[in-house]
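Visitor: Hi, could you walk me through this one? I'd like to point at things and ask as we go.

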Amino acid sequence: MKIAIIGAGIIGVTTAYELAADGHEVHVFERRNSACEETSFANAGVISPGYVTPWAAPGMPSKVLKYLFQKHAPVRIQLPLKHGELSWISQWLKACKPAIYENTRSSLKSLASYSADRLQSLTKTLDLEYDKAQGYMVLLRGEQELHRIQANLKILADTGYEYKVLDADAARKIEPALSAATALHSALHLPNDTVANCRQFALLLREKAQSLGAQFHFGSMQNHIERGSQGVRLSGESFDQVIICAGVDSAALLKPLGIHIPLIPVYGYSVSASVREPMDAPVSGVMDERYKVAISRIGNRVRVAGSAEIGGDPTRINQAAIQTLYKVLDDWFPAAADTKGQTASNGRGQVQVWKGARPMLPSGPPRVGASGVQNVWLNLGHGSSGWALACGSARLLADQIAGRKTAIDF
Ligand SMILES: Cc1cc2nc3c(=O)[nH]c(=O)nc-3n(C[C@H](O)[C@H](O)[C@H](O)COP(=O)(O)OP(=O)(O)OC[C@H]3O[C@@H](n4cnc5c(N)ncnc54)[C@H](O)[C@@H]3O)c2cc1C
């Protein structure tokens with residue numbers, strides 16, 4: 001089949017590869033001049049099937065309310081909210097109910113595990129070399145944080161996932177550069193989870209897709225999907241099928257077709273800087289459970305990422321959120337990265353400060369499959385775990401398009 005994909009983020013690139021591998025004629029349309037220039041550009045890189053959970057969970061609404069009054073809040077709301085954001089919040093509140101959460105959590109976990117396996121197998125069979133490190137640790141500053149993760153620990157135990165709760169000394173053996181000046185109560189260690197460079201992987205996989213015949217059309221904005229009797233037309237060209245992988249902009253593309261997706265951008269930030277001294281840097285990835293900030297070793301850089309901001313606009317950098325990232329980095333790895341130069345107006349050195357928009361659905365799991373409109377398929381709404389879910393989502397979609405039984409029931 002001749003298939004068009006709109007969007008060349010991590011989701012579009014992995015989808016292009018799987019479809020090209022199945023023998024389809026694949027055309028990817030991307031408005032930017034390269035792959036992964038938007039939300040897939042500088043994420044935290046965490047692939048943790050064990051710790052992936054929907055944002056909509058019992059107890060979350062009251063937690064979010066408390067966060068609103070904290071200086072270093074993991075969640076922020078920028079007023080005024082738009083109509084779509086208010087309606088999203090109301091759907092999110094419904095999805096926090098325990099019965100719905102049980103379903104979304106288990107779908108998300110099975111997709112995440114399947115995806116991690118698919119990523120590993122692609123890496124091996126295609127011989128892809130990209131920055132990655134083994135192991136992931138959730139840092140628990142106090143008894144309160146240990147208490148907060150009990151539900152997650154039960155799920156890990158029930159599903160037979162490999163994990164250990166470590167005391168502070170054992171955690172510091174795994175991440176020797178963790179600062180002794182910051183109190184560490186304990187840590188959850190997930191030895192099989194990883195941290196890896198999402199964009200680097202995507203650029204390598206794009207080459208593999210191209211070598212299978214996939215064509216990438218960069219600088220190609222697609223605003224209109226024209227439906228025909230046999231398929232669809234984009235930029236005057238006919239395709240049998242179109243797949244929407246346009247991240248946060250997917251909903252606007254689908255609306256004229258009568259497909260309404262409750263998708264909003266939930267903004268986050270990352271700061272990346274060169275490793276100053278490897279002995280002072282993280283070996284792999286950690287996440288501070290109190291502030292929901294991840295610190296990752298991405299090759300010769302340290303990246304600190306976090307914050308979930310509803311409302312506002314994509315270009316405005318919230319300095320309070322950036323200060324939270326620096327605080328968490330300074331708490332745990334004060335000498336890891338080259339952030340204290342004199343060139344930047346904020347007193348920090350040449351660092352990359354990035355804002356990304358998580359394509360977030362109210363309930364959690366992404367939409368992967370038929371759209372309800374003939375010849376239009378979806379692979380979108382991967383929220384805060386798009387890198388962790390990409391390879392599995394792409395394979396699932398390719399199998400559905402081929403009419404094959406999918407490896408997991410999603
Ligand atoms: C701070 C932060 C940290 C994160 N950390 C992690 C993490 O540790 N692990 C993890 O798994 N996930 C993480 N994520 C989430 C992850 O980055 C996203 O889920 C993922 O990048 C989404 O990929 P995507 O391909 O759907 O979207 P994008 O990467 O945004 O790709 C969509 C593409 O579509 C293009 N496009 C849109 N509209 C059009 C159009 N009309 N015509 C042509 N092209 C179009 C865009 O230009 C863009 O390139 C994080 C996100 C943030 C913000």
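Visitor: Leaving aside neighbours within four places in sequence, which residues is V373 in contact with?
Guide: V373 is in contact with L257, G258 and I259. Two residues are in contact if their C-beta atoms, placed from the backbone, lie within 7 Å. By the way, this is a predicted model: local features need pLDDT of at least 70, side-chain atom pairs count only at pLDDT 80 or more, and totals for chains, interfaces and linings use all residues. Residues are numbered from 1 along each chain as its sequence is written.

Visitor: Where is V373 found?
Guide: In the loop between β18 (367-370) and β19 (376-380). Those names come from DSSP runs, numbered from the N terminus: helices are H or I with at least four residues, strands are E with at least two. The C-alpha atoms of V373 and L254 are separated by 9.9 Å, though the two are 119 residues apart along the chain.

Visitor: Why does V373 count as partly exposed?
Guide: Because it has 16 other C-beta atoms within 10 Å. A residue is buried with 20 or more other C-beta atoms within 10 Å of its own, exposed with 12 or fewer, and partly exposed in between; C-beta atoms are placed from the backbone.

Visitor: OK, new topic. Which residues come nearest to the ligand?
Guide: G7, G9, G247, G268 and G386, out of 43 residues around the ligand. Being near here means that a residue's C-beta atom, placed from the backbone, lies within 6 Å of the molecule.

Visitor: Which elements each supply at least two residues of that shell?
Guide: α1 (10-21), β2, β13 (264-274), β17 (352-360) and α11 (386-401).

Visitor: And how does the shell split by class?
Guide: There are 18 nonpolar, 18 polar and seven charged residues. Ala, Val, Leu, Ile, Met, Phe, Trp, Tyr, Cys and Pro count as nonpolar, Asp, Glu, Lys and Arg as charged, and the others, Gly among them, as polar.

Visitor: What about the largest nonpolar core: which members touch the most others?
Guide: A16, I244 and I295, among 115 residues. The largest share of this core comes from α11, with 10 residues. A nonpolar core is a set of buried Ala, Val, Leu, Ile, Met, Phe, Trp, Tyr and Cys residues joined through C-beta atoms within 7 Å.

Visitor: What is A16 in contact with, beyond four places in sequence?
Guide: I5, V26, V28, A209 and A214.

Visitor: Let's do β1. Is it mostly covered or open?
Guide: Mostly covered: four of the five residues in β1 (residues 2-6) are buried. Five bridges join β1 to β2, and the two run parallel. One of the pairs is A4 with H27 in β2. Two strands pair if DSSP finds at least two bridges between them.

Visitor: Why does S307 count as buried?
Guide: Because S307 has 24 C-beta neighbours inside 10 Å.

Visitor: And which residues does the cis peptide bond join?
Guide: L79 and P80, with omega about -5°. P80 is in the loop between β4 (75-77) and α3 (83-95).
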